[in-house]
Amino acid sequence: MNTQAHDLPGWRGGWLNRLIARPGFQSWASRFPLTRARARSDGAALFEVVQGFVQSQVLMALVELDIFRRLRGGPLSAAQLGHACDVPEARMQVLLQAAAALNLLKRKRDRYALARKGAALMGVPGLEAMIRHHKAFYTDLSDPVALLRGPEKTELSQFWPYVFGGDVPDAEATIYSDLMAQSQRLVAEDTLRAVSLNGIERLLDVGGGTGAFLEAAGRSSPDLQMTLFDLPPVVPDATERFAAAGQADRVEIIAGSFRQEPLPTGADAISLIRVLYDHADATVEDLLAKAYDALPAGGRLIISEPMGGGARPERAGDIYFAFYTMAMQTGRARSAEEIGAFVKAAGFEEIRSPAPARAYVTRVLTARKPS
């Protein structure tokens, strides 16, 4: 049973799939010595999919109740944590057992302590904020068929109103800019590992929020001059960020919308960090055309965002980010090949996309304007 059904050509694969789909065959395969290991492995994997939503809600409860931070000082019992969180001891015990089963906590007799994964979760910038933010996403996923059919309005689209090109209240801009800034620390880290900024004199970051990526780029390249172009409400926080980082004299902040205005000129490289997947194809085509026009001959384009796997589907891009962008009601998780086609149509060449270090964080695609 080492050969997968999808590896078999034509009718052979279909015949095998029909056989595997029979309950009687599954019962037999789970007992037969030559097939039982594979049958049990497949069954366990399917159950992981079935219980996935429950696991995510366990994680949500742990974050909402601040369990990980409560355990930083040492192990605590279900009674102690239940009292601190106003949760009955028996139910707190259920949560802690589930966390231990997920290897987020570890049980020490009648007390629970942080496991390595739980400790690591606190060390990932923005992860806890993103988990809390998932409440809106989970609401949209409560009826996945309705989501697939295209509802008039979703919870997630109300959280990210900027993607529709409308005015964004300052308070909302602050919320999503802070969330993106926290998550972009990891994105910046992986992007700068994959891309050399050598030879670039000025980098224009489009849609960069409060400047998390530019700040990281500035630290990695001390002589780099930078320009940030984003919506007016993010300018005060961006100004404060670069001042605190000691980079104010190296950064020009220009307020504007790439949907409505041309991009600033004068940079020899443009970065689009987690921008394209927020927008529809027509907006992407227009933005890439504007990037081409704003760059000088030989100018470089840097795109970094989670991507789908295309002909070889992969979990982060084709599950999480594909449905997330669907719930946003605009944009989509595109494969590197799809993005490359848009980039090529805009006139760029030397299009490259190396294998990502962490596909669930980001993947990079670079290109150059012909000299």
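Predicted model: local features only at pLDDT ≥ 70, side-chain atom pairs only at ≥ 80, totals over all residues.
The largest pocket has a volume of about 2000 Å³. Its lining comprises 45 residues, and those closest to the pocket centre are Ser56, Leu59, His134, Tyr138 and Tyr320. At least two lining residues come from each of helices H3 (36-50), H4 (52-64), H8 (116-123), H9 (127-141), H12 (170-194) and H16 (315-328). Helix H16 provides the largest share, with 8 residues. By class, the lining of the largest pocket holds 32 nonpolar, 7 polar and 6 charged residues.

Helices H4 and H9, which both supply residues to the pocket lining, also pack against each other. On the H4 side, the contact is formed by Phe53, Ser56, Gln57, Leu59, Met60, Val63 and Glu64, and on the H9 side by Glu128, Ile131, Arg132, His134, Lys135 and Tyr138. This contact contains 6 nonpolar, 3 polar and 4 charged residues. Ser56, Leu59, His134 and Tyr138 take part in the contact of H4 with H9, and these four residues are also among those closest to the centre of the largest pocket.

H4 passes H7 in a left-handed crossing. Val58, Ala61 and Leu62 of H4 meet Leu95, Ala98 and Ala99 of H7. The contact of H4 with H7 consists of 6 nonpolar residues, with no polar and no charged ones.

Helix H7 also contacts helix H6 (residues 78-85). The axes of H6 and H7 come within 8 Å and cross at roughly 110°. Helices H6 and H7 are therefore roughly perpendicular to each other. From H6, the contact involves Ala78, Ala79, Leu81, Gly82 and Cys85, while H7 contributes Glu89, Met92, Gln93 and Leu96. The residues of the contact of H6 with H7 comprise 6 nonpolar, 2 polar and 1 charged.

Key: Residues numbered from 1 in each chain as written. Heavy atoms only, no water. 1 Å grid on protein atoms, 1.4 Å probe; cavity = no way out; pocket = protein on both sides within 12 Å on 5 of 7 lines; lining within 4 Å. Points joined across faces, edges and corners; volume = space filled by probe spheres on them. Helix = DSSP H or I, 4+ residues; strand = E, 2+ residues; numbered from the N terminus. Nonpolar A, V, L, I, M, F, W, Y, C, P; charged D, E, K, R; others polar. Left-handed = near helix turned anticlockwise from the far one by under 90°. Contact = heavy atoms within 4.5 Å. Axes fitted to C-alpha atoms, helices over the stretch in contact; angles between N-to-C directions. Parallel < 35°, antiparallel > 145°, perpendicular 65-115°, else oblique.
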